[in-house]
Every structure is written in C-alpha cells, then in structure tokens.
Amino acid sequence: MTDTSKLIAGRTGQWEVVLGLEVHAQVASNAKLFSGAAVGFGAEPNQQVSLVDAAMPGMLPVINKHCVEQAVKTGLGLKAQINLKSHFDRKNYFYPDLPQGYQISQFKDPIVGEGEVIVEHDDGTTFKVGIERLHLEQDAGKSLHDQDPNATYVDLNRAGTALMEIVSRPDMRSSAEAAAYVKKLRTILVYLGTCDGDMEKGNLRADVNVSVRKVGDPLGTRCEIKNVNSYRYIQQAIEYEARRQIEILEDGGSIDQETRLFDPNKGETRSMRSKEEAHDYRYFPDPDLLPLELDPAWVKEIEASLPELPDAKKARLQSQYGLSAYDAGVLITEAARADFFEEAAKGRDAKLTANWVTNDLAAKLTAGGLEITESPLKPDAIAELVALIEEGVISSKIAKDVFERMWAGEGRAREIVEKQGLQQVSDTGALEKIIEDLIAGNPGQAASVKEKPQAIGWFVGQVMKATGGKANPGTVNQLLKSKLGVE
C-alpha cells in the first residue's frame, strides 16, 4: 500500500518517486585491488602508483586477497548470498584517468548476490531495502583541470583502489528514506571495518537513480545522479530531480535516460551524458584474471569473525539495559559510542548514563569537532557523575554545572562537588525550618495550594532559591506536601 505522505503533489495529481542507490565504498585496505601500491588520503600526486596502475607493457593484475575478504565480510553483514565462484570483467568505457583504457569490474557473476538492510525511520518504524548485488571494481584516478590553463593534469593515486559497489533494489520512496538507507549502510560498513565511511574524502559516495510515476503505473524512466557524497546533498539532489521530472511529464514531455551531476551551490542537477546500457560498455571476462573461487570453509571462518552488528547491538542494549528503542538507536550509530556507554553504565542507572552520553557529552564533542574516542572525559568520569546523582549528593540541575566544570578541566566530579560545596541539602531539619518560615510568611499562597495543588511549584521554587539550588527536590516536595496537607 502506498504511503500518501511520501507522494509529491503536481498540477495533474500525486506522483510517487522511486529510488535505487548504487553506493561506492572504498575497501579498507593498505594496498590496491590488483597491485601492491599503497592506499591513503593526502599523498602528493602520483606517489602511490605502481607499474600495474600505470598500465606499463607486460604488467599483469594480481588479486588482493584482503580486498576479497573485506567484500565477503560485507556481504555477510548485509545478510547476502556469497557467490563461491565469480569472475572479473573488463568494462570498456573511456576513463581518461585509467591508463589501461578500461576498468576491471564484475558484471554477470559478482562476488556477492542478494541481501537486505533494515532501515529505521525517524519515528522508530522500519523499512526494508533489498540489496541486488555487491561487486568489486577499481576506482579511477583524478583529472585536474585547474593547474594549468592549457593542460589537464592527471593524479593516479586513486587509480586501482578497491571499491565495493553495493547496488540496492528500487525500494525507497522519499529522499529521507534514501538518506536513512545510506546512513544505515555506512554504520554497518564501519562496524565491519570494511570501509571507513569517510564521505568527505570520497571513500563513500552514492549514485542515485531517480524516477517518478503516478501511483500504480509502471516504473518510469530513471536518471542517475553521480557521485553524491553527503546525506544532505543526496536529499537535495533527489528532491530537485523528482520535481524536474514531474514538470517535464506534466508539460507533455518525456524523460531521457541520462547521467546527471548535482551542483550543491545551485541545489540542482545538470546533464552529464546520455545513460549507457550494459552493452555499451562491451563487458568481457578479463583474460589476465582467473575466475575467483572461494573455499566454503574460509567463508565460514570470516562469518565466525564478524563483530556484533548494529541491529544485534541495538536489541541487546534494549534487553540488557532496559533502554528505549530510540536511546539504543542513537547509541549504536557509532560502535565507539555504544562501547563508551557500556563502560560508563557498569553498575549505574543505564537510562541516566545514556542521557549524559547522547546529550551533554555528544553536544560538547560535536561543538569541539571531536570523535567520542577523543573525548577528554572518559567513561569512568561520566559514571562518577551519574553515581553522585543516584546517591542524591547532587541534583540533575547541579550536575549540569559540575559537568561544565569537568569539561573545563577543573577535575573529577566528586572533587568539584566538594571543592565548590555543591552537595544537595537533604537535611530534613534544615529544610523543614525554611518551609515552615515560608508557609508562615505566605498564608494566602499556602491556602491556595489546597484548591490548586499545582501551586505548590511556587513553594518549591522559593525553597530552591533559599538554598542556592542545592535542596534535594524529592525531599522538598515530600516535606511541602506534608506541611500543606496535599495528597
């Protein structure tokens, strides 16, 4: 059944956008797919190029076993079919920055077949995206057009770098769903350690296939938007492209199947070239590479070595710590954040600990441009702060001040509380005296509480003011209700 909230209103009625993504993930490896040349970001141009990458005569590609293992591991993480026999093909398309004049990829027989990814909406509901295939291929180099007004320079450092192309089914129906899918896919890859997921460096980027149709109609003609490398740009590109196609169709035109680029400065897509079909690439098996045959026992070994993946971790955090689906979902977006939480939550209130990790600490880290692994406050420091709240030594409000001081480097939580005299006032005798004086001095306010129990808040505020915010709110409420005769 079509979700009408995802439909786009046009002049002639409602339109449905249909989305499929091809995500290119750079394999986490120290060497390239078919050569021993180093892989890394930031090297000087053409410093990571072997004779194989430069396509010197007589040079033959040799498969990197680690890259194959990473692809198998990714396939297993996507609950996909691992094809024990696959082969590499030459894709004959002109790459000005691939010296051999073709790309080595996989066509009919990829290393990984069908799988699926369970993705969460913002409201906690989920949807499923089918994975059609995952294949290994080489990345191309980079043409530099801004170094010389009369020449184009070529940097081959990326040429031959191993990529996993993960092709989804056209199962997404909104830009938000597409962004959520890429986020979830990135999380899985980072957990597996098969791709670092760095979108800014181009290590994870998406080709977005967009088509539109009236509800119930056959699939429309799709356009592919190449190399989009941020969640925001993915959403903007889809929204612009869907509108563009709807306007053309409503004006009586037709959609040309083509490849387009997204211009983030203008927020629009523009034509790059007409879309090629598989036959245009003239694929044929690479004669220099034998078919790839995997030992089933080796695949089993890789499966046994898989880490706990996001969905399993989320379920465990909910059952083991009693966290909500939302809190667990926020924690598992990064394995390091979930690990930090578990270390801090040992013997502590899990919900309270999760709040500090995902809210206050996360805000400080984001503002400072820090990863959680770089946090100046370690899990035991957060655990100590939570312990003080649990023990009633400080209130949640005072804890905010303590946390700010901890972040500023003033010391540990207990040390700050003692040094600054921030302990809560829980002495019932001292609090009773303050409350009795308030009631005696404000008989009208006291009488109104019996008619409007919520008016007790005024007294709570006055007690907190009188104690400099250090009164234990629970004790204050209890004493006030008793003294004012409120149930």
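This is a predicted model: local features need pLDDT of at least 70, side-chain atom pairs count only at pLDDT 80 or more; totals for chains, interfaces and linings use all residues.
Among the buried ones are Cys-67, Val-68, Gln-70 and Leu-76. The buried residues of α1 pack against β7 (126-138), β10 (162-168), α2, β16 (292-293) and α4 (296-304).

Helix α2 covers residues 175-192, 18 residues in total, and reaches 26 Å from end to end by C-alpha, close to the 26 Å expected.

## Cysteines

If you are wondering about disulfides, the structure holds 0. Cys-195 takes part in none, and the nearest cysteine sulfur, which belongs to Cys-67, is 12 Å away. Cys-195 is buried, at 2% relative accessible area, and Cys-223 is buried as well, at 0%.

## A nonpolar patch on the surface

On the surface, Leu-51, Met-56 and Met-59 make up a nonpolar patch with about 280 Å² of accessible area together. Met-56 sits in the loop between β2 (13-26) and α1 (65-77), and its 41% relative accessibility makes it partly exposed.

## Salt bridges

The model has 39 salt bridges. One of them joins Asp-339 and Lys-313, at 4.0 Å from N to O. This pair links distant parts of the chain, with Asp-339 in helix α7 (residues 335-344) and Lys-313 in helix α5 (residues 310-321), 26 residues apart. Asp-339 is partly exposed at 44%, whereas Lys-313 is buried at 6%.

Another salt bridge pairs Arg-412 with Glu-384, whose closest N and O atoms are 2.9 Å apart. Arg-412 is in the loop between α10 (396-407) and α11 (413-420) and Glu-384 is in helix α9 (residues 379-390), so this pair ties together parts 28 residues apart in sequence. Arg-412 is partly exposed at 33%, while Glu-384 is buried at 16%.

For a local example, look at Asp-401 and Arg-405, with closest N and O atoms 3.4 Å apart. Both lie in helix α10, 4 residues apart, which is about one turn of the helix. Asp-401 is partly exposed at 30%, and Arg-405 is partly exposed at 22%. Elsewhere, salt bridges with shared partners join Glu-308, Lys-313, Arg-316, Asp-339 and Glu-342 into one network.

Key. Residues are numbered from 1 along each chain as its sequence is written. Side-chain values use heavy atoms; hydrogens and water are left out. Helices (H or I, at least four residues) and strands (E, at least two) are DSSP runs, numbered from the N terminus. The expected span of a helix is 1.5 Å times one less than its number of residues. Patches are made of residues with over 30% relative accessible area and no salt bridge: like charges are joined within 9 Å, nonpolar side chains (Val, Leu, Ile, Met, Phe, Trp, Tyr) within 5 Å. Accessible areas come from the Shrake-Rupley method with a 1.4 Å probe; for residues, only the protein chains shown count as cover. A salt bridge is a side-chain nitrogen of Lys or Arg within 4 Å of a carboxyl oxygen of Asp or Glu. Buried means under 20% relative accessible area, exposed over 50%, partly exposed in between (1.4 Å probe, protein chains only). A disulfide is a pair of cysteine sulfur atoms within 2.5 Å. Contact means heavy atoms within 4.5 Å.
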